[in-house]
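The following paragraphs lead the reader through a structure, beginning with a single chain and ending with its partner.

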Amino acid sequence: MAQDDKDSVRARGHCLCGAIEIEIRGPLRDVVVCHCGQCRRQHGAPPSYTAALWSNVTIHGEKNLKWYQSSPEARRGFCRLCGSSLFWEPIGQGRVSIAAGCLVKPTGLRTVRHIFVAEKADFDEITDGLEQLPHSMSVAAASPPPTTTVDA
Amino acid sequence: MSARKTSGGCLCGAVRYEIEGPLPPPSACHCGQCRRHHGALGIYTLAPAERYKIKGDRNLAWFESSPGIRRGFCRACGSKLFWERIGSGQLDVAMGSIDPPSGLKIGRHIHLDDAGDYYDPPSR
């Protein structure tokens with residue numbers, strides 16, 4: 001590991017019990033709130049996710065990270081001890097969505113849009129005036145920028 | 001007003017529940033513990049514990065997140081289900097776990113002073 005790696009950490013996070021800690025180097029995608037039915041069930045509310053390249057994510061305490069495959073294309077990572085939601089991974093694409101709630105402040109992140117609004121529950125309210133998409137983002141928009149700094 | 005009987009459960013279906021009687025408007029909690037646990041706000045309604053019928057509770061794991069407070073989740077799929085002040089006789093249930101439609105609207109936002117810095121919390 002290079003000597004200056006510590007200084008290049010973009011963000012740190014951890015689950016509620018602290019058994020899993022993560023470090024992210026490199027850029028993080030802007031935050032997107034997902035209103036789909038699967039996310040709502042698993043998180044208990046519409047989750048806020050940033051995203052990064054897997055190669056930029058370091059996980060400490062990975063033995064406590066449990067994966068649940070929620071569809072043929074994706075799996076969800078949570079702490080088996082405290083239940084905290086940490087990751088949503090589109091399998092095999094080299095990137096991972098990271099729950100913004102696990103990140104230590106200041107995150108330097110901003111929420112930019114809502115997705116899967118067509119599946120929004122009746123109790124769920126959107127009052128922030130941000131962009132709303134009925135379903136998913138395009139593949140290009142869903143991917144974190146590979147080399148640039150955080151950008152809207 | 002919610003239905004007289006409410007059903008819900010986790011994403012994988014290992015834990016299911018029914019709640020008898022009406023439920024109050026949910027509170028949306030912005031505190032750091034809820035945001036860290038859910039990866040989202042903690043949006044909960046509640047009912048007396050004896051009004052719940054829980055099936056598959058061997059898959060229900062509890063984590064004591066602060067003294068006297070515990071959070072219930074499905075150990076198979078990680079879905080967040082319950083929040084309980086131990087001994088209160090009440091059980092909070094995560095709105096996202098309720099089979100839609102819930103018939104409920106958020107009544108208030110709480111712990112706004114601990115909101116995340118990645119969104120603009122509502123002013124109320």
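Chain B contains one helix and 10 strands, where helices (H or I, at least four residues) and strands (E, at least two) are DSSP runs, numbered from the N terminus. Along the sequence, the order of these elements is β-β-β-α-β-β-β-β-β-β-β. This is a predicted model, in which local features need pLDDT of at least 70 and side-chain atom pairs count only at pLDDT 80 or more, while totals for chains, interfaces and linings use all residues. Residues are numbered from 1 along each chain as its sequence is written, and chains are lettered from A and ligands numbered from 1 in the order in which they are written.

The overall dimensions come next. The C-alpha atoms of chain B occupy a box of roughly 40 × 30 × 30 Å along the principal axes. The radius of gyration of chain B, taken over C-alpha atoms, is 14 Å, which agrees with the value near 14 Å that a compact globule of 124 residues would have; the globule rule is 2.2 Å times the number of residues to the power 0.38.

Of the 124 residues in chain B, 41% are buried, meaning that 20 or more other C-beta atoms, placed from the backbone, lie within 10 Å of a residue's own. Among contacts (C-beta atoms, placed from the backbone, within 7 Å) with a separation of 6 or more in chain B, 58% join residues 24 or more positions apart.

Finally, 43 residues of chain B are in contact with 41 residues of chain A. On the side of chain B that touches chain A, H1(B) provides the largest share, five residues.

Note on methods: Contact = placed C-beta atoms within 7 Å. Buried ≥ 20, exposed ≤ 12 C-beta atoms within 10 Å, placed from the backbone.
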